Amino acid sequence: AKARQDQLKKEKEERLRLIAAGEMHDQYLDVRQAGSKVGTCKKDCKKCKMERQQQMDRGELHNKWIQGPKAGECKNHCVLCRQENDASRACAAAARSQQAAAQVPPPLPAEDPLPEGRR
C-alpha cells in the first residue's frame, strides 16, 4: 500500500511539473470537485494559452483582448486581421483593375487594305 501511495505521489508531482512547464493540459480530474467539467481544461491552463498564442502567431486565430475596456476586440498586431485586410485590399485592387479593363474598348480588328474581291 505504501509503494502504491508513493507511486501515486510521484505521478502527481510529475503531472504538476509538466503542467507548470506548459507541456501538459491542466484539466479537471476529480468528479467530486469539478462535476461536469471533468476532462476539460482549467481557465489558466498554460498549455492551452501557449497553443492559442501559437495559433495567433500563425494567423489561424484572432488575437483579441480578453479583459479591460477593449475586451472582445482584436489587438492592433492581430496577424489574422492583417491577412484578412491584405486579402480584401488585393480583392478590391483586382476588382478595380477588372473595371478599368472593362471600360477600355477592345482593339478593333485590323482590316484588310483590299476587299476580298480585288485580290
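**Exercises on surface, fold and pockets**

The protein chain exposes about 10,300 Å², and carbon and sulfur atoms supply 54% of that area. Keep in mind that this is a predicted model.

**Exercise 1.** Find what share of the 119 residues in the protein chain is buried.

*Solution.* Start with the cut-off: a residue is buried when its relative accessible area is under 20%. By that rule, buried residues come to 10% of the 119 in the protein chain.

**Exercise 2.** Work out which elements the protein chain contains and in what order they run.

*Solution.* First count them: there are 4 helices and 0 strands. Then read from the N terminus on, which gives α-α-α-α. Finally, turn to contacts between residues at least 6 apart in sequence: 14% of them join residues at least 24 apart.

**Exercise 3.** Describe the largest pocket: what is its volume, and which residues line it?

*Solution.* Begin with the volume, about 240 Å³. Next, list the lining: Lys12, Arg15, Leu16, Ile19, Asp26, Gln27, Tyr28, Leu29, Asp30, Gln33, Ala34 and Lys42. Two elements, α1 (2–20) and α2 (31–34), each give two or more residues to this lining. The largest share, 4 residues, comes from α1. Last, sort the lining by class: 5 nonpolar, 2 polar and 5 charged residues.

**Exercise 4.** Now do the second largest pocket: how many of its lining residues are charged?

*Solution.* This pocket holds about 170 Å³ of space. Its lining consists of Lys49, Arg52, Gln53, Met56, Asn63, Lys64, Ile66 and Lys75. Sorted by class, 4 are charged, 2 are nonpolar and 2 are polar.

How values were computed: Residues are numbered from 1 along each chain as its sequence is written. This is a predicted model: local features need pLDDT of at least 70, side-chain atom pairs count only at pLDDT 80 or more; totals for chains, interfaces and linings use all residues. Side-chain values use heavy atoms; hydrogens and water are left out. Buried means under 20% relative accessible area, exposed over 50%, partly exposed in between (1.4 Å probe, protein chains only). Contact means heavy atoms within 4.5 Å. Accessible areas come from the Shrake-Rupley method with a 1.4 Å probe; for residues, only the protein chains shown count as cover. On a 1 Å grid over the protein atoms alone, a cavity is a set of points where a 1.4 Å probe fits but cannot get out, and a pocket is an open set with protein on both sides within 12 Å along at least five of seven lines; lining residues have an atom within 4 Å of a point. Grid points are joined across faces, edges and corners, and a volume is the space filled by probe spheres set on the points. Ala, Val, Leu, Ile, Met, Phe, Trp, Tyr, Cys and Pro count as nonpolar, Asp, Glu, Lys and Arg as charged, and the others, Gly among them, as polar.
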